[in-house]
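The following note collects points on the model shown below.

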Amino acid sequence: MEESLSHFTVSVTGQVESAKMGGCNNIYCRVGYTSGPDWRVVQGVEDGITQMATKGSAGVFVWNFPLDITFSSTNPFGWPQVVITVYGLDLLGRDVLRGCGAVHIPVGSGRFVRYIRLFAPVSSSGLASWVGKIMGQRPEYLDPKIVARGEGREVTRVRSHGIVKIVFNIVTKDTHVYGMTLPTAEKTFLPPRHRDEQF
């Protein structure tokens, strides 16, 4: 008789709530996940795309895009990350990359708020930047999930551009079986680093 494999689970709900970004009036967001080799998705949607949001009176873009996914694993290595890629329209109505970033799903149970600072790749020369703007082909990564990894990014030039706010509600199960004592949300609250991030 074959013994069933045990695992712990991490259930994630919440929302990609809003963003602050200059230089554009309409943006939308692609949401994805990346994790280590021992992790698998038990339930939920792995990739999503928000609606197009228009800048509000306070300079904030609001999406309120829902997150709902459950992971299982036998090893905490490669804890899942949310990968955010934001696109906007240029003057000719073409989709161009505005920024990308990633954040680990909070370790622990409870409600968490995280702010992701976005960045965008920069052309290698002024001429390439000018041609890219005219052609509507600004630099972007072939694999958007590269922003969640360290390798392959050491020679990439980037510029900081915008902030995204995500609200997480995390429920974990059977982590104690693997000797993990995870903190609650109250012990791991990360306040915004700057006053302009509070939105």
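1. A polar contact is a pair of N or O atoms within 3.5 Å; within protein, one atom must be able to donate a hydrogen and the other to accept it, and residues adjacent in sequence count only if both atoms are side-chain atoms. By this criterion, the side chain of threonine 50 reaches the backbone nitrogen of cysteine 29 at 2.9 Å. The side chains of threonine 50 and tryptophan 63 are also joined by a polar contact, of 3.4 Å.

2. The model is predicted: local features need pLDDT of at least 70, side-chain atom pairs count only at pLDDT 80 or more, and totals for chains, interfaces and linings use all residues. Residues are numbered from 1 along each chain as its sequence is written, and side-chain values use heavy atoms, with hydrogens and water left out.

3. Threonine 50 is found in the loop between strand 4 (47-49) and strand 5 (53-54); strands are DSSP runs of E of at least two residues, numbered from the N terminus. Threonine 50 has a relative accessible area of 8% and is therefore buried, where buried means under 20%, exposed over 50% and partly exposed in between (1.4 Å probe, protein chains only). Not counting residues up to four places away in sequence, threonine 50 touches Tyr28, Cys29, Trp63 and Phe65, a contact being heavy atoms within 4.5 Å.

4. Strand 2 is largely enclosed by the rest of the structure, because 7 of its 9 residues are buried. Strand 2 pairs with strand 7 in the antiparallel sense over 8 bridges, pairing requiring at least two DSSP bridges between two strands. Within strand 7, tyrosine 87 is the bridge partner of tyrosine 28. Strand 2 is also joined to strand 4 by 3 bridges, again antiparallel, with arginine 30 opposite isoleucine 49. The antiparallel pairing of strand 2 with strand 5 extends over 2 bridges, and here isoleucine 27 stands opposite alanine 53.

5. Threonine 85 lies in strand 7 (residues 81-89) and is buried, at 5% relative accessible area. Its contacts, leaving aside neighbours within four places in sequence, include Tyr28, Cys29 and Arg30, as well as Pro144.

6. What does the largest nonpolar core contain? A nonpolar core is a set of buried Ala, Val, Leu, Ile, Met, Phe, Trp, Tyr and Cys residues joined through side-chain atoms within 4.5 Å. The largest one has 33 residues, of which Trp63, Ile84, Ile166 and Phe168 touch the most other members. Strand 6 (60-73) and strand 9 (110-121) are among the strands that each supply at least two residues of this core, and strand 6 gives the largest share, 6 residues. Apart from this core lies another, of 7 residues, including Val83, Cys100, Phe119 and Ile146.

7. Which salt bridges does a search of the whole structure find? The total is 2, a salt bridge being a side-chain nitrogen of Lys or Arg within 4 Å of a carboxyl oxygen of Asp or Glu. Glutamate 17 forms one with lysine 165, the closest N and O atoms being 3.0 Å apart. Since glutamate 17 lies in strand 1 (residues 8-20) and lysine 165 in strand 10 (residues 158-173), the pair ties together parts that are 148 residues apart in sequence. Both glutamate 17 and lysine 165 are buried. Aspartate 143 forms a salt bridge with arginine 149, with closest N and O atoms 3.1 Å apart. Aspartate 143 counts as partly exposed at 33% relative accessibility, and arginine 149 counts as partly exposed at 30%.

Notes: Helices (H or I, at least four residues) and strands (E, at least two) are DSSP runs, numbered from the N terminus.
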